[in-house]
Amino acid sequence: MIIRVVSPGYVLSGLMSTGSFVGILLLVGVFFRPLDKITAVVEPYMRGSAGFLRHLEQLATESEITDSPDARTVSTLRNEIRPNDLTFAFTPGRPRAARYLPACAAFVGESGFGELTLLSL
């Protein structure tokens with residue numbers, strides 16, 4: 001089997017008619033269009049499956065957050081929360097980023113101090 005690259009040079013030299021050249025170009029487009037469509041479906045599928053595998057991998061990891069050794073099991077809840085000495089720090093042993101504040105408070109601090117993190121809690 002001999003495969004030749006079709007170029008406009010064939011038309012200019014008289015080895016191929018203009019109609020044949022245009023026909024080949026259209027035929028190539030007809031063959032490649034389905035391949036483009038398949039690629040458009042397969043590529044997101046592959047990215048999605050890779051992301052799903054990464055998600056499963058993360059779900060399989062053990063949590064670094066554990067209960068305190070003196071944690072107690074709660075038997076009944078009464079629909080009320082009373083924060084008692086609630087604090088937050090980015091690193092254990094470092095100064096607290098926040099301490100229990102009343103409901104009407106302004107969260108102000110240096111950049112990176114933890115205001116948004118506190119509001120997220």
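Helices (H or I, at least four residues) and strands (E, at least two) are DSSP runs, numbered from the N terminus. On that basis the chain of this predicted model holds 3 helices and 2 strands, which follow one another from the N terminus in the order α-α-β-β-α. Residues are numbered from 1 along each chain as its sequence is written, and side-chain values use heavy atoms, with hydrogens and water left out. Because the model is predicted, local features need pLDDT of at least 70 and side-chain atom pairs count only at pLDDT 80 or more, while totals for chains, interfaces and linings use all residues.

**Confidence**
- The chain averages a pLDDT (the predictor's confidence in each residue, from 0 to 100) of 77, and 67% of the residues score at least 70.
- Confidence is highest in helix H2, at a mean of 87, and lowest in strand E2 (residues 98-99), at 58.

**Burial, contacts and surface**
- Of the 121 residues in the chain, 5% are buried, where buried means under 20% relative accessible area, exposed over 50%, and partly exposed in between (1.4 Å probe, protein chains only).
- Among contacts (heavy atoms within 4.5 Å) with a separation of 6 or more, 10% join residues 24 or more positions apart.
- The chain exposes about 11,700 Å², of which carbon and sulfur atoms supply 61%; accessible areas come from the Shrake-Rupley method with a 1.4 Å probe, and for residues only the protein chains shown count as cover.

**Annotated span and nonpolar patch**
- An unreviewed UniProt entry lists residues 12-32 as "transmembrane region", an annotation that may be inferred rather than shown by experiment.
- In the model, that span is 81% helix and 0% strand, with its end C-alpha atoms 26 Å apart.
- A nonpolar surface patch, whose members include Leu27, Phe31, Leu35, Ile38 and Tyr45, has about 1,100 Å² of accessible area together; such patches join nonpolar side chains (Val, Leu, Ile, Met, Phe, Trp, Tyr) within 5 Å, from residues with over 30% relative accessible area and no salt bridge.
- Ile38, one of the patch residues, lies in helix H2 (residues 18-60).

**Salt bridges**
- The structure holds 2 salt bridges, each defined as a side-chain nitrogen of Lys or Arg within 4 Å of a carboxyl oxygen of Asp or Glu.
- Glu43 and Arg47 form one of them, at 3.9 Å from N to O, and both lie in helix H2, 4 residues apart, about one turn of the helix.
- Glu43 is partly exposed at 44% relative accessible area, whereas Arg47 is exposed at 55%.
- Glu57 and Arg54 form a salt bridge whose closest N and O atoms are 2.7 Å apart, and the two residues are 3 apart in helix H2, about one helical turn.
- Glu57 is partly exposed at 47% relative accessibility, and Arg54 is partly exposed at 44%.

Conventions:
Patch = residues over 30% accessible without salt bridge, like charges linked within 9 Å, V, L, I, M, F, W, Y side chains within 5 Å.
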